[in-house]
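Here are some notes for a colleague who is meeting this structure for the first time.

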Amino acid sequence: MRQVRLLYLIFFLFTLTFNANAENHDHIGNSTNTDNCEKKENLSNVSNSQTVYICTGSYAYAYHSRSDCPGLNNCKGEIKYADENFAVNNLGRVPCCRCWSNVTGRCKDDNPYYGGSGGGDDNSEALAYIALAVVIASAAVLSNDIYIYPTYSFYKGNYNDNRSGISQATNSPGWVFGFRKTFKHSALEYGGSYFKSAFENNYGDGYSYTEENDRWGMHFNFVHQLFYNQTPYWVKVYLGPSLNYIYDFGYGGLIGTEIRIFDRLKFDLRYEYTTQTNQIQAGLIFTYQKKLFWQK
């Protein structure tokens, strides 16, 4: 009987030791995970569902199962992590087509130009650059002037980024550049713009963050000289309509003054206001051909 009691005691002590070791192992694992999480930037306080990774850039729409997913290679913002419920319900994200399986028809690819290790070469980006080079070369041949303006944008409009958030742009500096086809008292202008913009993103539930991204745009202007019989030959006052595209098509107008510095070089100061822009510009216009080459 004493031997049986001794066996019971040994079994009881063994059980206690096993449970203590098991609890200690879970604690170490949780502590390690907690330490790792503290090194990342969390997007939500909820951790009841699977952890996923997202890009905070303006044109990112997917959530990813791992931080090294090829779909994140084109991220223009920061890579952060959140729980899956928050990514879907608060940020309006959908699964990444690359790192999730069985999501056909309801997934998106944030990096469509990444060929991956097993696929062929994707020539779409190269073809786009070739087409852009052809357009620029054609514009250079058919134009008379080239211009570049340091620009300051006062645009602070809200826009919906196609998720569930509302973003507000802040003041930002940038550049406007392009070509001009000149006539006797007017000119056609066509070119692009670049701004380093900051956006305040608000997703509700007390969550918001500020991000910076590159803002590219296109514009097409027609300017006509005013009071050309009353102003000196070296001064031109003009106004005209403006059509542009940044996040969407915009329309409005501009007004400015052009001052001749040398025969082929002019200083230009203007103000432009459209449904997409509110900016002041001051730069140079250079006449690289007074007549088109076939007219000489």
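Predicted model: local features only at pLDDT ≥ 70, side-chain atom pairs only at ≥ 80, totals over all residues.

1. Residues are numbered from 1 along each chain as its sequence is written, and side-chain values use heavy atoms, with hydrogens and water left out. A cavity here is a set of points, on a 1 Å grid over the protein atoms alone, where a 1.4 Å probe fits but cannot get out. Its volume is the space filled by probe spheres set on the points, which are joined across faces, edges and corners. The structure holds one cavity of 30 Å³ or more.

2. Lining residues, meaning those with an atom within 4 Å of a point, include Val-176, Ser-193, His-219, Asn-244 and Glu-272 for the largest cavity. Strands are DSSP runs of E with at least two residues, numbered from the N terminus, and β10 (208-226) and β14 (278-287) each supply at least two residues of this lining. The most comes from β10, with three residues. By class, the lining of the largest cavity has three nonpolar, seven polar and one charged residues, where Ala, Val, Leu, Ile, Met, Phe, Trp, Tyr, Cys and Pro count as nonpolar, Asp, Glu, Lys and Arg as charged, and the others, Gly among them, as polar.

3. The second largest pocket has a volume of about 470 Å³, a pocket being an open set of points with protein on both sides within 12 Å along at least five of seven lines. Of the 25 residues that line the second largest pocket, Asp-145, Thr-182, Lys-236, Glu-258 and Lys-266 are the closest to its centre. At least two lining residues each come from β8 (172-182), β9 (186-202), β10, β11 and β12, and by class the lining of this pocket has eight nonpolar, eight polar and nine charged residues.

4. Strand β11 (residues 235-245) runs antiparallel to strand β12 (residues 249-260), and 11 bridges join them; two strands count as paired if DSSP finds at least two bridges between them. The two strands are connected by a hairpin through three residues, and Val-237 has Thr-257 in β12 as its bridge partner.

5. The count of salt bridges comes to nine, each being a side-chain nitrogen of Lys or Arg within 4 Å of a carboxyl oxygen of Asp or Glu. One of them joins Arg-180 to Glu-258, with the closest N and O atoms 3.6 Å apart. Because Arg-180 lies in strand β8 and Glu-258 in strand β12, this pair ties together parts that are 78 residues apart in sequence. Both Arg-180 and Glu-258 are buried, that is, under 20% relative accessible area, with exposed meaning over 50% and partly exposed in between (1.4 Å probe, protein chains only).

6. Glu-258 also forms a salt bridge with Lys-236, where the closest N and O atoms are 3.9 Å apart. This pair links Glu-258 in strand β12 with Lys-236 in strand β11, 22 residues apart. Glu-258 counts as buried because its relative accessibility is 5%, whereas Lys-236, at 30%, counts as partly exposed. A network of salt bridges links Asp-145, Arg-180, Glu-189, Lys-236, Glu-258, Asp-268 and Arg-270.

Definitions and conventions:
Helix = DSSP H or I, 4+ residues; strand = E, 2+ residues; numbered from the N terminus.
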